[in-house]
Amino acid sequence: MNCKEAEKKIPAFLNDELDGRGLAEFVEHIEDCPECMEELSIQFLVAEGMEQLEQGNNFNLQEALTSKLENADYRIRINRVLRHVLLILEAAVAAAIIAAVIIVSM
Ligand SMILES: [Zn+2]
């Protein structure tokens, strides 16, 4: 993912609309790219910070953004684990089918 694509996805990320691959690629880019991280921080402040401040809440931008990114990281990890489990299951099913075919043909 390049900066242009990442920038386009910032609003979707802030609205929790990114998922799976899109989310993983976005977070990967953001964590390696200070410019996009800054852009994300600004848009996050505009989108959520202002609202919180208007409500008179104490708002720690850095903390809130960090927890949002950690949450995304967590979801990405879960996704990876699930995909891994699925692959193992598929391999197990394939092995079972091969074994069945061998047994039937014997
Ligand atoms: Zn970038």
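Biologist: Is D16 buried or exposed?

Modeller: A residue is buried if 20 or more other C-beta atoms lie within 10 Å of its own, exposed if 12 or fewer, and partly exposed in between, with C-beta atoms placed from the backbone. D16 lies in the loop between α1 and α2. Because D16 has 12 other C-beta atoms within 10 Å, the residue is exposed.

Biologist: How is the model to be read, and what is the mean pLDDT of the chain?

Modeller: This is a predicted model, in which local features need pLDDT of at least 70 and side-chain atom pairs count only at pLDDT 80 or more, whereas totals for chains, interfaces and linings use all residues. Residues are numbered from 1 along each chain as its sequence is written. pLDDT is the predictor's confidence in each residue, from 0 to 100. In this chain 98% of the residues reach 70 or more, and the mean pLDDT is 85.

Biologist: Which element of the chain has the highest mean pLDDT?

Modeller: Helices (H or I, at least four residues) and strands (E, at least two) are DSSP runs, numbered from the N terminus. Among the elements, helix α3 (residues 34–54) has the lowest mean pLDDT, 82. The highest, 94, belongs to α1.

Biologist: What is the phi of D16?

Modeller: Most residues other than glycine have a negative phi. D16, which comes just after α1, is not glycine, yet its phi is positive, near 60°.

Biologist: How far apart are the end C-alpha atoms of helix α1?

Modeller: The expected span of a helix is 1.5 Å times one less than its number of residues. For the 12 residues of α1 (residues 3–14) this gives 16 Å, and the end C-alpha atoms agree, being apart by 16 Å.

Biologist: Within what arc do the buried residues of α1 fall?

Modeller: The buried residues of α1 are A6, K9, I10 and F13. The arc is that of the directions from the helix axis to the C-beta atoms. Seen down the axis, the buried residues line one face of α1, because they fall within an arc of 145°. On the other side of α1, the exposed residues are K4, K8 and P11.

Biologist: Which residues are exposed on the other side of α2?

Modeller: The buried residues of α2 are L23, F26, V27 and I30. They cover an arc of only 95° around the axis and so lie on the same side of α2. On the other side, the exposed residues are R21 and D32.

Biologist: How are α2 and α4 oriented to each other?

Modeller: Helix α2 (residues 20–32) and helix α4 (residues 61–105) pack with their axes 10 Å apart, at an angle of about 130°. Axes are lines fitted to C-alpha atoms, for helices over the stretch in contact, and angles run from 0 to 180 degrees between N-to-C directions. Angles under 35 degrees count as roughly parallel, over 145 as roughly antiparallel, 65 to 115 as roughly perpendicular and the rest as oblique. The two helices α2 and α4 are therefore oblique.

Biologist: How many residues of α4 are buried?

Modeller: α4 has 45 residues and reaches 66 Å from its first C-alpha to its last. T66 is found in this helix and counts as exposed, with 11 C-beta neighbours inside 10 Å. α4 is hardly covered, and its count of buried residues is zero.

Biologist: How far is C36 from C3 in space?

Modeller: C36 is in helix α3 and counts as buried, with 22 C-beta neighbours inside 10 Å. C36 and C3 are 33 residues apart in sequence, and their C-alpha to C-alpha distance is 6.6 Å.
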